[in-house]
There are 2 protein chains.
Amino acid sequence: MSKQLEVLDAACCEGLTSAPLDAGSAAELATVFKALGDPVRLRLLSMIASRQGGEVCVCEMTPAFELSQPTISHHLKLLRQAGLIDCERRGTWVYYWVLPAALDRLAGFLRTPQATA
Amino acid sequence: MSKQLEVLDAACCEGLTSAPLDAGSAAELATVFKALGDPVRLRLLSMIASRQGGEVCVCEMTPAFELSQPTISHHLKLLRQAGLIDCERRGTWVYYWVLPAALDRLAGFLRTPQATA
């Protein structure tokens, strides 16, 4: 669990609607939402999150964008630092997978008490 | 419903884990997450979202920050443009409230199929 998302253990059960966030928690959470606040990173995350089997090689992601591999790797690094994905190098390539608990914690933080399902 | 969040009507039911986002939807959604990707805006949103009764006067929010009122109003404008809050001027002051359906749509977009409750 990333440092940023640890604050959700304290905040998420009650969520955004329960009480004003303190400055420290807001700063940690803002880095997670900032990681999501970029179209390329959102597309990368959805490519990884929607993959049957769970893992995506960086070599499969780069061709989907008109961006260099270092740029793609930088975006992936920000998602990883936010605690949303993790990765492992195997030989030449790095493989990425999503951390579902992190996405669900974030969803729980946003969800209002009125929400059904 | 903001233009940015309208894409969630198409994307949210299935969510982030269902299929890779197209570039257009990713661009729209990124602006919403970017609005959340700032500590001051997260604190403002949580102040509004956690208010019993639902409305907060901008005059109550400014004293909580060491920022000028125009700066606070700018942050509130970005949250409003993202479709997360709305507001109404009454006399001297502007009153803000959260749009719960927007938060719930965003939560639904992030939530994984494995998530319980």
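Start by selecting residues 93-98 of chain B, which make up strand S3. One face of this strand is covered and holds B:Val94, B:Tyr96 and B:Val98. The uncovered face carries B:Trp93, B:Tyr95 and B:Trp97. Keep in mind as you look around that this is a predicted model, with an ipTM of 0.91 and a pTM of 0.91.

Now follow the chain from S2(B) into S3(B): the two strands form a hairpin with two residues between them. Click on B:Gly91 in that turn, where phi is positive, at about 70°.

Now bring in residues 56-57 of chain B, strand S1. S1(B) also pairs with S3(B) in the antiparallel sense, here over two bridges. Look for B:Val56 facing B:Tyr96, a residue from the covered face of S3(B).

Time to move to chain A. Colour chain A by pLDDT: the average is 90, and 92% of the residues score at least 70. Among the elements of chain A, helix H3 (residues 39-49) has the highest mean, 97, while helix H1 (residues 3-11) has the lowest, 69. Where pLDDT is low, the predicted coordinates should not be read in detail.

For the last stop, select A:His75 in helix H5, residues 69-81 of chain A. Is A:His75 buried or exposed? A:His75 counts as buried because its relative accessible area is 11%, under the 20% cut-off. Show its contacts beyond four places away in sequence, and you will find A:Asp38, A:Val40, A:Arg41 and A:Leu44.

Notes: Residues numbered from 1 in each chain as written. Chains lettered and ligands numbered in written order. Predicted model: local features only at pLDDT ≥ 70, side-chain atom pairs only at ≥ 80, totals over all residues. Heavy atoms only, no water. Buried < 20%, exposed > 50% of the residue type's maximum accessible area, 1.4 Å probe, protein only. Helix = DSSP H or I, 4+ residues; strand = E, 2+ residues; numbered from the N terminus. Pairing = 2+ DSSP bridges. pLDDT = per-residue confidence, 0-100. Contact = heavy atoms within 4.5 Å.
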